[in-house]
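Let us read one structure together, by question and reply.

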Amino acid sequence: MSFFAIYPPISPDFAYLWVRKRKRYNRMQLLYVIGIGVLAALCVLLAVRICHQRRYIRVSDRVNDRIFRNVAAYLLLVDPDFNVLRTNYYSATGAAPKAVPPKVGNLLRCKNGEDAGVCGTHELCADCPVRAAIAGVFRTEKGFSGLEAPMVLYTSDDRTTTVDCDVSVSGNFLTVAGQPRVVLTVSDITAQKRTQRELEEARTRAEESDRMKSLFLANTSHELRTPLNAIVGFSELLMTDPAPAERQEYMRIIRSNSEILLQLVNDILDLSKIEAGTLDYEYTDVELNAVMEELEGGFRMQQPKSSPVRITFHRKYPARYIRTDRKRLIQVIANFLSNAVKFTSEGSVDFGFEIRGGELYVYVADTGTGITEEHRRQLFQRFVKAGSFRQGIGIGLAISKSIVETMGGRIGVESQPGKGSTFWFTLPYGTEQ
């Protein structure tokens with residue numbers, strides 16, 4: 001049997017179809033391999049991207065967590081029931097986290113919330129501006145910022161120590177997993193508010209200083225010119241060789257105005273020293289009766305012989321010593337006596353001292369015109385005078401007040417219009433003295 005009987009010859013058409021089929025199969029295999037390669041490459045790229053994204057997320061989480069922990073404010077994620085779901089308060093303060101989410105006030109240790117047990121149950125919580133602002137965010141879904149509120153917070157676990165502070169609160173609305181939330185930012189602005197208050201006080205003091213300067217110039221320019229004009233005018237009259245009686249009167253007027261001018265200059269110098277904080281005090285043992293008798297004699301000598309006013313020191317004790325500044329003590333009492341004589345046209349000016357427990361009480365009482373209640377409230381302020389028609393620039397009592405308070409005492413006045421006045425001051429007086 002021949003070979004062709006067993007394997008008949010392949011026709012040309014069949015061979016052609018077989019070759020095409022084989023080529024098609026090869027192309028499909030090539031496309032499959034290419035597809036597998038592309039898919040593998042895509043998988044590799046996707047895996048690389050996923051790894052990169054995971055690394056980026058881990059880095060971002062660490063950065064966000066670090067920012068969250070170290071931001072210079074307390075961040076609170078709050079639900080509609082005022083529960084704090086997440087916060088940096090614990091990491092910022094070192095406090096131990098609570099097992100149950102605390103209320104906003106309990107987390108911050110607000111005194112009202114802590115005293116009531118739960119924030120929102122204290123009677124004052126209804127007026128809390130922070131709670132009202134948070135409720136407003138949930139109601140309107142709109143945030144707020146710059147809400148400043150004073151708070152009293154506990155600083156000790158046993159609730160015995162509190163601190164007053166000022167906070168600035170901002171709130172933003174957001175939705176987390178379909179649930180409404182508010183992110184609160186609570187910043188401590190106590191230092192800023194304190195600085196703001198200090199600046200405001202400094203501004204007020206500057207304005208008051210400017211006003212005082214204007215009053216000082218307005219009062220001083222007039223009060224200095226008056227005695228100077230009298231001194232110059234009557235000095236010129238003395239040069240005309242007047243009669244002896246007139247000469248004596250002119251000399252008395254010149255001396256009186258010279259004393260007034262000297263007192264004005266001394267008051268101005270003392271005021272400037274008080275402003276600069278350089279007014280000196282020299283403490284020695286002073287015998288009170290001797291000081292009072294010296295003042296009594298001096299003021300009696302200044303009184304005209306025909307004066308209807310009697311100046312009397314009422315001595316109640318034997319020798320009494322006090323450790324104080326003799327010059328400043330005399331200055332204050334002399335100022336009281338000078339004012340009493342100035343406002344008393346008839347009657348008496350009585351003065352003295354009493355020992356009342358641990359205090360020395362010094363008084364000067366007159367039967368003069370008296371002072372209205374309105375003037376009494378302002379009498380110890382600078383450039384305030386009981387009578388605008390009287391000489392002086394109105395700083396004597398202000399200086400006396402500063403001196404007495406510096407020496408540890410108090411000062412005051414009791415008066416009724418038409419019935420006279422009693423000026424008094426106290427100084428510390430030890431039993432050993």
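The dialogue below takes up a sheet and then a cavity.

Q: What should I know before reading this model?
A: This is a predicted model, in which local features need pLDDT of at least 70 and side-chain atom pairs count only at pLDDT 80 or more, while totals for chains, interfaces and linings use all residues. Residues are numbered from 1 along each chain as its sequence is written, and side-chain values use heavy atoms, with hydrogens and water left out.

Q: In what order do the strands of the open sheet lie?
A: Strands of a sheet pair through backbone hydrogen bonds, either parallel or antiparallel. Here the five strands follow the order S2-S1-S5-S4-S3 with antiparallel pairing, where strands are DSSP runs (E, at least two residues; helices are H or I, at least four) numbered from the N terminus, and two strands pair if DSSP finds at least two bridges between them. Strand S2 (84-87) and strand S3 (144-154) are the edge strands, each pairing on one side only.

Q: How many bridges join strand S4 to strand S5?
A: Ten bridges join S4 (residues 162-176) to S5 (residues 179-188), and Gly171 has Leu184 in S5 as its bridge partner.

Q: Which residues line the largest cavity?
A: A cavity is a set of points on a 1 Å grid over the protein atoms alone where a 1.4 Å probe fits but cannot get out, and its lining residues have an atom within 4 Å of a point. The lining here consists of Gln263, Asp267, Gln331, Asn335, Gly396, Ile399 and Ser400, with the largest share, three residues, coming from H12.

How values were computed. On a 1 Å grid over the protein atoms alone, a cavity is a set of points where a 1.4 Å probe fits but cannot get out, and a pocket is an open set with protein on both sides within 12 Å along at least five of seven lines; lining residues have an atom within 4 Å of a point.
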